Each structure stands twice: as C-alpha cells, then as structure tokens.
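Let's take a walk through this structure together, one piece at a time. Keep the 3D view open and look for each part as it comes up.

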Amino acid sequence: MSQTAVKTNLLGMSLPMLQAYFEAMGEKPFRAVQVMKWMHQRGVTDFSAMTDISHSLQQKLLVEAEVRPPIIVEEFLAADGCYKWIVEVASGSRVETVFIPEDDRGTLCISSQAGCTLDCSFCATGKQGFNSNLTAAEIIGQLWWANHRLGGFAPARPHAGKTIRSVSNVVMMGMGEPLLNFDNVMASLSLMMDDNAYGLSKRRVTISTAGVVPAIDKLRLHTDASLAVSLHAPNDELRNQIVPINRKYPIKELLRSVADYIDSLPDKRVPVIEYTLISGVNDQKQHAQELAALLRDFPCKINLIPFNPFSQSDYRRPSNNAISNFRQILQEARFTVTVRTTRGDDIGAACGQLVGEVVDQTRRSERYRRASTEAGNPEKGNFRVFTSADNLAVSVDSARRV
Ligand code: SF4
C-alpha cells in the first residue's frame, strides 16, 4: 500500500462490517470486538494504544486503517447547560449536534445529512437546501465526540442510585431526514445499541422521520430502535403545506407503515407523534379535535413542540394559552401529551433551528434568499446564509463559546 493510499476509516463500521474487514485481512473475527471496544467504549483512536492487539496487527492497521472522527470546528455552551457542536463533514458542509442535559438523562440530537431535501415549512435546515449524506463515521462520530467531551469514555458514574452516562439517549432529530440516508444511519444505530460499542437501549435510541414510507416499511429488517413521526398537521391538505413529502406519502399511508413497524417490535412500545404548533396555522381548537379523531385508534404519545422562530420564517410561536388549550383537548381525549421545553435557544440549538453551513447543491437556498428580498421585508432582505460566524454573535451573557 502506498503512503498516499486512502486509509479505511473503521469508526463507522458496524460489528458485521468490522468482522468482515478483519476476516479479509486474514485475522480472526474477534479482533473486531476488541477494536470496537477500544474505539467506542474507551475513545481510543490510535492503534498503537490498543494493548490487547498484537504488535504485528497494530502495524498493519497503522498502514491500512484509521479511526477518524469528524472535525469539530466550534463548541457552544448555552446558559441552560446545552451544548452545540459544529461538525465539519467531508463534503465541506458543516452540520450541528446538540446535547441536552436533564436531571436523569442526557440526550444527544444527531444530524444525518448536510441540509435536507424535504423542506418542511417550519424548519431552518430545510431552507438551506441539500449538500450530502453524512457517512456512518460522521454520524456515529457525533456520539463519539459527545462522549469524548462529556467524559463518557470514563467509567460510568452513579447518580441518585442509578448509573448514568453523559449521553443516555440519542435522537436522530438533527439536520436531515435520517431515512433518506438509510444505510449509514442503520450502521450507526447498530453501533449505538451494540453492547461492544455504546450499548444504548433500543428504547433510548429514536429515529425521527418526516414520513418516508418505503423506508419505514423496510425498517424492521434492520433495526428495532424507537420511532418518532413528524406529523405536524391533522389532515392531508394542511400537511401538504407544512411537510411537503406528504404529497407523496399521505397521512393514511404513513400511519399504516408506522403501525406495521411498531407491531413488528417484540416489546410493547408506541411511536411518538411530533406536532410543531405554529400560531394561526395548526394550533387552533379544531386542529386539536381533528388530531384526536385521527389518532383515536392509533396508540401513540404526542409531543407538542411550540415553533421556535428563525430569521427566514414568517411563522410565529403560539401563545402559552393556545399551547395549553391544544394540550388539554388531547388529554381529554385520553392521549399522553408532552410539551417540549425549548432548550439551548440562546445558541440556536432549539428544535427546528439547526442550520450548520450547507454547501447547497440545490437552488433552494438561493430561491429563498431571492423571494425574501423581493418581498421587501427588511428582515428578509437582510437574509444571509448562516455561517459559524453567526454563532459567535450569541450574547456572552447567555452563552459562551468554549
Ligand atoms: S424537519 Fe427534518 S425532514 Fe423536514 S426539512 Fe427539517 S430536517 Fe428535513
């Protein structure tokens, strides 16, 4: 192998992939477990430090392979303890990862694509167009990085009688539609839940989808992770406007495929229905009643997410009264309802606000910029593509760049 040949990055390989890699090298498959533990449980990237591996194999790996997490270019810490990391991926784009600490858990929100092709109307990522799918190493690398920064590679520590990790839950709810980057997301989920890697429970790893029905239909063959669905509207007419993929896969088909996936799981679990409440758009009493009727025979939990404003959107956050009325109607219809608390909004880390820095391959970001300027809206006229420099403008009182 010449000095300039590209090395194989082992970080994103699931156990079967890693076993096949070592077998192809003429090594025993158990080497895969050893290397996997070094990478994902101890955070080691240097083969020479993997002390239970023979010297000759270490030398071979040093020539042919590498353990390369993605580059983190910036880190922000919000007043409420949330972290946001700006991750530079091979395509040159930058995506965002968010860590949300709570008393009894730590949730990491991971991105799967640089930008997104789906353009949901309430989402800042969608306004940036699309650049690339993240590799499995770039996806699992976000969890690797969070563990590295938060002390997760150190022995787990007891907390209120329980042993918790820094990252106890993962949600695939960052930038991008995970099911449109299927293979890389599946390899990453497998690592998240593998006892030789992060060992997270399937109940604590959640894929969130806007409704890519053919991918949901094949999900059961690849994973048993939990599922959240971005519904955001109680009927097709409204959902067509808010989540445009609904024109291809309408609500009835979507709920059928979600129910099939959930039925295929061996344990009793229900999907989470995500519903972003947008003032005057989908937050009225009749919407809540229609939603309750739609989901009457569909076991699920409902998570209400008050819209988080961003500069390219005319949408507004609903009043506390509207949120509480909406919730009450659903609770009276006997649904389990949660309202997502806004976290990390002083560092642009709140739900729907993730933007990164996407090298747009579509014309979408340009189209939004032009439309905003033509509308003569001063705020819109000041549109600019988000860059990491925007994050530096965050008030030092409320957030600090680490
Ligand atoms: S909400 Fe998700 S699927 Fe929709 S545009 Fe944003 S990132 Fe894409």
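## Helices, strands and a ligand

Helices α1 and α2 cross in a right-handed way. Keep in mind that this is a predicted model. Helix α1 covers residues 15-24 and helix α2 covers residues 30-41, and they pack at an angle of about 120° with their axes 8 Å apart. Since angles over 145 degrees would count as roughly antiparallel and 65 to 115 as roughly perpendicular, α1 is therefore oblique to α2. Who does the touching here? On the α1 side you'll find Leu 15, Leu 18, Gln 19 and Phe 22, and on the α2 side Arg 31, Ala 32, Val 35 and Met 36. Sorted by class, this contact of α1 with α2 has six nonpolar residues, one polar and one charged.

Next, have a look at α4 and α5. Helix α4 runs over residues 136-150 and helix α5 over residues 182-193; their axes come within 8 Å and cross at roughly 35°. The crossing of this pair, α4 and α5, is right-handed. From α4, the contact uses Ala 136, Ile 139, Ile 140 and Leu 143, while α5 brings in Asn 184, Val 185, Ala 187, Ser 188, Leu 191 and Met 192. The contact of α4 with α5 has eight nonpolar residues, two polar and no charged ones.

One more pair: helix α9 (residues 285-294) packs with helix α10 (residues 320-332) at an angle of about 25°, and their axes are 9 Å apart. Angles under 35 degrees count as roughly parallel, so α9 and α10 are roughly parallel to each other. The crossing of α9 and α10 is right-handed. Lys 285, Ala 288, Gln 289, Leu 291 and Ala 292 of α9 meet Asn 325, Phe 326, Ile 329 and Leu 330 of α10. That contact, α9 with α10, splits into six nonpolar, two polar and one charged.

| Helix pair | Angle between axes | Axis distance |
|---|---|---|
| α1 and α2 | about 120° | 8 Å apart |
| α4 and α5 | roughly 35° | within 8 Å |
| α9 and α10 | about 25° | 9 Å apart |

Now for some strands. Strand β5 (residues 94-101) pairs with strand β6 (residues 106-109) in the antiparallel sense, over four bridges. A hairpin of four residues links β5 to β6, and Phe 99 stands opposite Leu 108 in β6. Strand β6 also pairs with strand β11 (residues 169-172), in the parallel sense and over three bridges. Here Thr 107 stands opposite Asn 169 in β11.

Finally, which residues are around the ligand? They are Cys 116, Leu 118, Asp 119, Cys 120, Cys 123, Thr 125, Gly 126, Met 175, Gly 176, Glu 177, Ala 210 and Ser 230. This shell around the ligand has six nonpolar, four polar and two charged residues.

Note on methods:
Residues are numbered from 1 along each chain as its sequence is written. This is a predicted model: local features need pLDDT of at least 70, side-chain atom pairs count only at pLDDT 80 or more; totals for chains, interfaces and linings use all residues. A residue is near a molecule or strand if its C-beta atom, placed from the backbone, lies within 6 Å of it. Ala, Val, Leu, Ile, Met, Phe, Trp, Tyr, Cys and Pro count as nonpolar, Asp, Glu, Lys and Arg as charged, and the others, Gly among them, as polar. Axes are lines fitted to C-alpha atoms, for helices over the stretch in contact, and angles run from 0 to 180 degrees between N-to-C directions. Helices (H or I, at least four residues) and strands (E, at least two) are DSSP runs, numbered from the N terminus. A crossing is left-handed if the near helix is turned anticlockwise from the far one by less than a right angle, and right-handed if clockwise. Two residues are in contact if their C-beta atoms, placed from the backbone, lie within 7 Å. Two strands pair if DSSP finds at least two bridges between them.
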